[in-house]
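These are my notes from one sitting with a single model.

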Amino acid sequence: MNCPFCDFEAGPRALHAHLGERHGDAVTAGERGDKAYYQVICPRCGDRYQHVVRKGARDPAFLTEFEREIQLVALDMLVNHLLAEHELSGTGD
């Protein structure tokens with residue numbers, strides 16, 4: 001699999017680790033009304049994955065405290081999207 005942000009190439013698990021180390025800023029988090037959410041946008045096609053963070057609405061510090069974990073969950077969704085929509089076959093690892 002190819003990283004959608006740079007020339008890195010690896011299997012899905014290694015790509016996920018790479019995305020977390022190098023491209024975590026592709027994940028954004030915010031609040032809309034009383035709901036906290038995170039989102040990631042596929043740089044290849046523009047598809048957007050957005051998900052509400054339930055604990056974020058009750059605890060304003062949650063998004064900051066768990067930023068890294070939230071990024072990894074969102075980047076996992078991006079890897080799944082890349083596999084399903086942009087790869088003919090992923091290399092295993």
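**Tyrosines and other rings**

I began with Tyr 38, which is buried at a relative accessible area of 5%; buried means under 20% relative accessible area, exposed over 50%, and partly exposed in between, with a 1.4 Å probe and protein chains only. Before going on I noted that this is a predicted model, where local features need pLDDT of at least 70, side-chain atom pairs count only at pLDDT 80 or more, and totals for chains, interfaces and linings use all residues. Residues are numbered from 1 along each chain as its sequence is written, and side-chain values use heavy atoms, with hydrogens and water left out.

I searched the whole structure for aromatic pairs and found 2. Rings of Phe, Tyr and Trp (its six-membered ring) pair if their centres lie within 6.5 Å; planes under 30 degrees apart count as stacked, over 60 as edge-to-face and the rest as tilted. Tyr 38 and Tyr 49 make a tilted pair, with 6.3 Å centre to centre and 45 degrees between the planes. Tyr 38 belongs to strand β2 and Tyr 49 to strand β3 (residues 48-53), so this pair ties together parts 11 residues apart in sequence. Helices (H or I, at least four residues) and strands (E, at least two) are DSSP runs, numbered from the N terminus. Tyr 49 is partly exposed, at 27%.

The pair of Phe 62 and Phe 66 is also tilted, at 4.7 Å centre to centre and 35 degrees between the planes. I logged Phe 62 as buried at 15% and Phe 66 as partly exposed at 29%.

**Tyr 37**

Which charged end sits over the ring of Tyr 37? That of Arg 32 does, 4.4 Å from the ring centre; the criterion is NZ of Lys or CZ of Arg within 6 Å of the ring centre and within 35 degrees of the ring normal. Tyr 37 lies in strand β2 and is buried, at 15% relative accessibility.

The buried residues of α1 (residues 12-22), among them Leu 15, His 16 and Leu 19, pack against α4 (67-86). Beyond four places in sequence, Leu 82 has contacts (heavy atoms within 4.5 Å) with Met 1, Pro 4, Leu 15, Cys 42, Arg 44 and Glu 87.

**Cysteines**

I counted 0 disulfides; the cut-off is a pair of cysteine sulfur atoms within 2.5 Å. Cys 3 is in none, and its nearest cysteine sulfur, in Cys 6, is 3.7 Å away. Cys 3 is buried at 5%.

**Confidence**

Last, I checked pLDDT, the predictor's confidence in each residue, from 0 to 100. The protein averages 88, and 90% of the residues score at least 70. Confidence is lowest in helix α2 (residues 54-58), at a mean of 69, and highest in α1, at 97. Residues 89-93 fall below 50, and this stretch has 10 contacts in the model beyond near neighbours in sequence.
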